[in-house]
Amino acid sequence: MITNTLSKETELRLKDFFSNSIDPKLMAKTIRKLNYILALSIMRDCETMENEKISLQDGFYWLNELAEILNPYLDVE
């Protein structure tokens, strides 16, 4: 069991993200939908990708935003 605690800065950034950027329930729905689309696309040789391009674009954006809050990587110079 991992008991890694978040830094105060990360906590503040997460609170700001879920208060001002996206609703937590919508974020969870986006993650689940993106995972579903990716799984289907692998099983169906990517025919699903064409039908769900917009969902993938939106999901990729929000997942990247969340990843940057949890562990800023792109901000490093």
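Is isoleucine 37 buried or exposed, and what is its relative accessible area? Isoleucine 37 is buried, because its relative accessible area is 1% and the cut-off for a buried residue is under 20%. This value, like the others in this report, is computed from a predicted model.

## Overall fold

The protein contains four helices and zero strands. Along the sequence the elements follow the pattern α-α-α-α.

The chain has 77 residues, and 22% of them are buried. Contacts between residues at least 6 apart in sequence can be sorted by their separation along the chain: 52% of these contacts join residues at least 24 apart.

## Helices α1 and α4

Helix α1 covers residues 8-21, and helix α4 covers residues 53-70. The two helices pack at an angle of about 155 degrees, and their axes lie 8 Å apart. Angles over 145 degrees count as roughly antiparallel, and α1 and α4 are therefore roughly antiparallel to each other. On the α1 side, the contact is made by Thr10, Arg13, Leu14, Phe17, Phe18 and Ser21. On the α4 side, Trp62, Glu65, Leu66, Glu68, Ile69 and Leu70 take part. By type, the residues of this contact divide into seven nonpolar, two polar and three charged.

Threonine 10 belongs to helix α1 and is one of the residues that α1 brings to the contact with α4. Threonine 10 counts as buried because its relative accessible area is 10%, with the cut-off at under 20%. Leaving out residues up to four places away in sequence, threonine 10 touches Ile69 and Leu70. Both Ile69 and Leu70 are listed on the α4 side of the helix contact.

## The largest pocket

Rolling a probe the size of a water molecule over the atoms shows where empty space is left. In this model the largest pocket holds about 160 Å³ of space. Its lining consists of Ile22, Leu26, Lys29, Thr30, Lys33, Leu34, Ile37, Ser55, Asp58, Gly59 and Trp62.

Which helices each supply at least two residues of this lining? They are α2, residues 24-43, and α4, residues 53-70. The largest share, six residues, comes from α2. Sorted by type, the lining has five nonpolar, three polar and three charged residues. Trp62 belongs to the lining of the pocket and also to the α4 side of the contact with α1.

Threonine 30 and isoleucine 37 are both among the lining residues. Threonine 30 is placed in helix α2. Its relative accessible area is 15%, so threonine 30 is buried. Threonine 30 and glycine 59 are 29 residues apart along the chain, with 5.6 Å between their C-alpha atoms.

Isoleucine 37, the residue of the opening question, also lies in helix α2. Isoleucine 37 and serine 55 are 18 residues apart in sequence, while their C-alpha atoms are 8.5 Å apart in space.

Conventions. Residues numbered from 1 in each chain as written. Predicted model: local features only at pLDDT ≥ 70, side-chain atom pairs only at ≥ 80, totals over all residues. Heavy atoms only, no water. 1 Å grid on protein atoms, 1.4 Å probe; cavity = no way out; pocket = protein on both sides within 12 Å on 5 of 7 lines; lining within 4 Å. Points joined across faces, edges and corners; volume = space filled by probe spheres on them. Nonpolar A, V, L, I, M, F, W, Y, C, P; charged D, E, K, R; others polar. Buried < 20%, exposed > 50% of the residue type's maximum accessible area, 1.4 Å probe, protein only. Contact = heavy atoms within 4.5 Å. Axes fitted to C-alpha atoms, helices over the stretch in contact; angles between N-to-C directions. Parallel < 35°, antiparallel > 145°, perpendicular 65-115°, else oblique.
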